[in-house]
Amino acid sequence: MAAWSELTNDILEHITIFLAFPDHYRFGAVCKNWRSVSKLRRYPPVPQLQWLVVEEEKETRKRKFYSLSDAKHYSIEIPELHGRYICGSSHGWLFAVDIKINGTLVNPFTRECYELPPFPAFCSEIDVTTLVEKVPSDYTGPTKLTFEEMQTRIVFKAILSHDPKERSDFTAMIIFGRFHTPAFWRPGDLCWTVVDGPEGCMHDIVYFKGNFYVLSMGNELYVVDFESKPKLKEVGPQIDIEGCPAQRYLFDFNGNLLLIERFCECVEEKVEERLNVTVGFNVMEPNLEENILYEWHHIDDFAVFLGRNSSIYVNSNHFSKCKRNGIYFTHLTYSYSAEKFGSHDLGVFDTTDKKISKFYSDEVYYPLVGSPVWLVPNPW
């Protein structure tokens, strides 16, 4: 029998068809011949469950990821993410903000980047020079917060219309600032364009069937109208919602526009310290013409992933470790009690029996820089 190192390239390439993303790197480490074949990347990796972007290791500055498929951590050297807070994920790309409040769009595995223009003013009526002793000369966004606080709060949600590797004319949309205002940027633009709309915070944004839809705190649903002066255009009457969910998500689920409510309870509260935990979700489909919400009691063979990411869902039948009818969720907001409580609000909610269970090991902790964010690996 021939030595493994002497296998022909066509056989080796056929082997790569069956490899998951991490196994491609193990494959390339076998020998020089195997490494040359792995670099060809003729076939995409076998689909995996979502990865969780966790923390940056203080000693090595490597970014740590958690893979649901094999329940393992992977530490990867990605200089473009050093010291940056991850505020969004879309199509396998990460939105990252550094301590000077500069934004970057990064594919963590190909290392492709788009440097984003300065974010619109966080709170323009307040002069940043009154808040910190030394202001970076290239800083342009006034605020009453410290830079560390701004880094985690400037962008509430960030998504893409398309994968930048597939379409160069993509649009990036963010909800930013104290009032959760929508703004967009396209490659070639020198600045973000703020979208005009009614007063009040926006709760979430989704790209659905060629349009960006935005949900307000008051439960009005808008579509972003890019004609002439960009503005929010109401697309239906106010959605009648009972109760007080901690967060509402707009979700593109298999061609259906869903509204998912998330409910939390405070389990511990002290001075400057508050611990909220998720206790349940409601899944609904709005009928905008009749102003009716149709409740979904389950999501069949699928699982959805909620957090600071764009819509992600998978067919659980394709993944042995995926919970059927499951809603996987990450922390709702940045918590200053993270060091004490660790990863206190990561879990998976079963839409059938309404129970919450863990999907992670106890060593996964909520970091001070870079909140847990779901990521679909998009390596090539």
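Analyst: Happy to. Strand 1, residues 51-56, and strand 2, residues 63-67, are antiparallel partners joined by four bridges; strands here are DSSP runs of E with at least two residues, numbered from the N terminus, and two strands pair when DSSP finds at least two bridges between them. Within this pairing, Leu52 has Tyr66 of strand 2 as its bridge partner. This is a predicted model, where local features need pLDDT of at least 70 and side-chain atom pairs count only at pLDDT 80 or more, while totals for chains, interfaces and linings use all residues. Residues are numbered from 1 along each chain as its sequence is written, and side-chain values use heavy atoms, with hydrogens and water left out.

Stepping back to the whole sheet, four strands lie in the order 3-2-1-25, paired antiparallel in an open sheet. From one strand to the next, the twist averages 35° (axes are lines fitted to C-alpha atoms, and angles run from 0 to 180 degrees between N-to-C directions).

Now for the loops. Between strand 2 and strand 3 sits Ala71, whose phi is near 50°, a positive value in a residue other than glycine. Ala71 is partly exposed at 45% relative accessible area; buried means under 20%, exposed over 50% and partly exposed in between, with a 1.4 Å probe and protein chains only.

His82 is buried, with 19% relative accessible area. Not counting residues up to four places away in sequence, His82 touches Glu56, Arg61 and Glu77, where contact means heavy atoms within 4.5 Å. A polar atom of the His82 side chain lies 3.2 Å from the backbone oxygen of Arg61.

Another loop, between strand 6 (103-106) and strand 7 (113-115), holds Arg111. Arg111 is also a residue other than glycine with a positive phi, here near 70°, and its relative accessibility of 39% counts as partly exposed.

Which way do the residues of strand 23 point? Gly347 and Phe349 point one way and Val348 and Asp350 the other, and all are buried. Strand 22 (residues 326-329) pairs with strand 23 in the antiparallel sense over four bridges, with Phe329 opposite Gly347. Strand 23 also runs antiparallel to strand 24 (residues 356-357), joined by two bridges, and Val348 has Ser357 as its bridge partner there. Five residues separate strand 23 from strand 24 in this hairpin, and Lys354 in the turn has a positive phi of about 65°.

A word on cysteines: Cys264 is partly exposed at 24% relative accessible area, whereas Cys322 is buried at 9%. The count of disulfides, pairs of cysteine sulfur atoms within 2.5 Å, comes to zero.

Finally, confidence. The chain averages a pLDDT of 80, and 82% of the residues score at least 70; pLDDT is the predictor's confidence in each residue, from 0 to 100. Residues 123-135 have pLDDT below 50, and this stretch makes 21 contacts in the model beyond near neighbours in sequence. Residues 334-339 are also below 50, with 15 contacts beyond near neighbours in sequence.

Key. Polar contact = N/O pair within 3.5 Å; in protein donor to acceptor, adjacent residues only side chain to side chain.
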